[in-house]
Amino acid sequence: MKDLAAKGAMKKSMETVLPGDPLEPTAEIKTSWEKVYQNMKIEFGEAVFRSWLKHLTLQAYYPQSGTLEVSAPTRFMREWVEKHYAEQVLKMCTGLNEDIKELKIVVVPTNVVKFDTDAGVDGSNGSVAAKPKAAADIQAVIEELSSPLDKRFTFESFVVGKPNALAHAAARRVVESPSIPFNPLFLYGGVGLGKTHLMQAIASAISEREPEKKILYLSAEKFMYHFVRSLRRDEMMAFKEQLRSVDVMMIDDIQFIGGKETTQEEFFHTFNALVDQNKQIIISADKSPSDLTGLEERLRSRLSWGLVADIHPTTYDLRLGILQSKREQLEIDVPESVLEFLALKITSSIRELEGALNRIAAHAEVSGQPVMLETTQEVLQDLLRAHDRRITIDEIQRKVAEHYNLRIQDMHSVRRSRNVARPRQIAMYLSKQLTPRSLPEIGRKFGGRDHTTVMHAVRKIEELMGDDAQIAQDVDIIRRALTG
Ligand code: ADP
Ligand code: MG
């Protein structure tokens with residue numbers, strides 16, 4: 001205990017001044033504290049000790065009031081210890097040494113020790129002189145836990161269309177509502193449809209409106225990473241407490257928590273604790289709660305208690321809208337025909353759509369040529385081809401059967417009645433149009449039919465589409481359903 005007097009004097013100006021002068025603890029007091037320190041491990045258990053108590057350091061003793069002053073490294077830690085363990089610790093002290101009548105916990109910050117750093121304290125010689133090291137201040141910890149937000153992911157840059165209207169409205173409600181409108185908000189949808197964008201838009205909007213709010217935005221993977229690390233470092237208590245101190249908890253791609261039982265367990269408890277404290281929770285996933293496999297039943301059902309909003313696959317209109325907005329943002333010169341072409345062809349995800357636009361913009365810049373439809377097709381050749389491959393005959397059969405209210409078996413059956421045969425022909429036609437499969441391959445997929453049957457079907461439907469508006473419309477609807 002070097003410089004104790006100096007430290008004590010310094011502290012006096014920051015903390016309440018206690019009666020009498022602080023003295024360097026006598027050898028007797030020191031020994032008592034050391035014993036208490038060791039006993040705390042037994043009394044509270046190793047885990048609690050490591051998370052909260054091992055950082056306590058003896059600072060001073062005020063003989064006049066019998067006050068033992070120990071320090072915690074952060075305010076958060078001090079409050080926690082005070083609330084949960086101080087009474088017991090004092091009893092232990094008094095039991096060993098009657099002169100100790102009061103316990104005072106002060107904050108003596110150490111040089112910034114991040115939650116992240118590996119500066120472990122072994123605590124074994126846990127004693128008066130042990131240098132306190134610990135988790136950083138809670139706000140910093142949450143900031144550090146949180147994944148960084150992408151500045152581009154705002155409400156302003158989010159194009160609203162039919163497929164995402166519900167999710168968008170729900171997200172706005174969460175931001176604007178003075179109280180918690182639903183808990184949790186569960187957003188789900190396929191890859192690249194805007195879940196992360198929407199989540200981060202919520203986070204940015206909340207922190208703009210209410211900067212004091214502690215927002216934790218984490219991918220499920222990162223959540224697991226921190227979880228496992230805390231477990232390994234015996235910092236579980238601190239980790240839990242950190243999670244539970246946030247105002248808004250957002251976990252992106254929760255499907256990745258599936259299968260890891262302990263993490264799920266912890267997540268579940270955190271979830272409940274936060275809901276109990278009326279804190280907002282926002283979750284995203286690639287599937288609805290009921291379809292999330294690998295999740296414990298009670299967690300799954302808990303997730304659907306609030307509002308479940310899905311983001312549907314994009315429509316042509318939304319894709320075009322996004323491309324137009326993106327063109328404006330990027331300030332690039334791209335003709336409408338190119339945007340329409342992209343919106344028509346690239347239907348899988350918005351991420352791919354953006355990628356395609358970026359690519360042709362880059363190409364135009366490098367080549368010095370204006371963007372045109374022909375060059376676009378060339379530049380995106382591989383992408384477009386890969387894309388066309390994606391639709392399978394199975395999918396087509398399913399969609400067609402769905403559209404006409406048939407069973408999928410009807411696609412393979414030999415039944416020839418018109419109400420089955422015509423849809424089957426449409427499915428064959430679409431298979432030819434939308435997949436790279438050959439006529440014999442298609443025939444095989446339709447109950448082992450001959451390639452001439454397929455060819456006939458293709459011609460028939462082409463012909464009918466010219467004459468029969470109903471058929472033309474049906475084919476168009478199914479095609480759209482398949483391509484986006
Ligand atoms: P997800 O998380 O669902 O996989 P992202 O949120 O990462 O998808 O979105 C993929 C890309 O598409 C991002 O660059 C995002 O900005 C963009 N995006 C998605 N939806 C929209 C939208 N409605 N308006 C504008 N951009 C969008
Ligand atoms: Mg995402």
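Visitor: Is K240 buried, exposed or partly exposed, and at what relative accessibility?

Guide: K240 counts as partly exposed, at 25% relative accessibility. Buried means under 20% relative accessible area, exposed over 50%, and partly exposed in between, with a 1.4 Å probe and protein chains only. Keep in mind that this is a predicted model: local features need pLDDT of at least 70, side-chain atom pairs count only at pLDDT 80 or more, and totals for chains, interfaces and linings use all residues. Residues are numbered from 1 along each chain as its sequence is written, chains are lettered from A and ligands numbered from 1 in the order in which they are written, and side-chain values use heavy atoms, with hydrogens and water left out.

Visitor: Which residue forms a salt bridge with K240?

Guide: Side chains of opposite charge can pair when their charged atoms come close. The cut-off for a salt bridge is a side-chain nitrogen of Lys or Arg within 4 Å of a carboxyl oxygen of Asp or Glu. Here E266 pairs with K240, with the closest N and O atoms 3.6 Å apart. E266 lies in helix α11 (residues 261-276) and K240 in helix α10 (residues 236-244), so the bridge ties together parts 26 residues apart in sequence. Helices (H or I, at least four residues) and strands (E, at least two) are DSSP runs, numbered from the N terminus. E266 is buried, with a relative accessible area of 7%. A network of salt bridges links K240, R244 and E266.

Visitor: How many salt bridges does the structure hold?

Guide: It holds 17. One of them joins D150 to R152, at 2.7 Å between the closest N and O atoms. D150 is partly exposed at 24% relative accessible area, while R152 is exposed at 53%. R298 and E296 also meet in a salt bridge, at 3.0 Å from N to O.

Visitor: What is the strand order in the open sheet?

Guide: Strands pair if DSSP finds at least two bridges between them. In this case, 5 strands run in the order β5-β6-β7-β4-β8, with parallel pairing. β5 (215-219) and β8 (307-311) are at the edges with a single partner strand each, so one side of each has no neighbour in the sheet. Neighbouring strands are turned by 15° against each other on average, direction ignored. Axes are lines fitted to C-alpha atoms, for helices over the stretch in contact, and angles run from 0 to 180 degrees between N-to-C directions.

Visitor: Which strands does helix α7 touch?

Guide: Contact means heavy atoms within 4.5 Å. Helix α7 (residues 165-176) packs on the sheet and touches β4, β7 (280-285) and β8. Its direction makes about 135° with that of β8. Strand β4 (residues 185-189) is joined to β8 by 5 bridges. G189 stands opposite I311 in β8.

Visitor: How many aromatic pairs are there?

Guide: Rings of Phe, Tyr and Trp (its six-membered ring) pair if their centres lie within 6.5 Å; planes under 30 degrees apart count as stacked, over 60 as edge-to-face and the rest as tilted. The structure holds 7 such pairs. Y37 and F49 have ring centres 5.1 Å apart and planes at 80°, so they are edge-to-face. Y37 sits in helix α2 (residues 27-44) and F49 in helix α3 (residues 46-53). Y37 is buried, at 1% relative accessible area. F49 is buried too, at 2%.

Visitor: Which residues do ring pairs link into a cluster?

Guide: The cluster holds F223, F239, F267 and F271.
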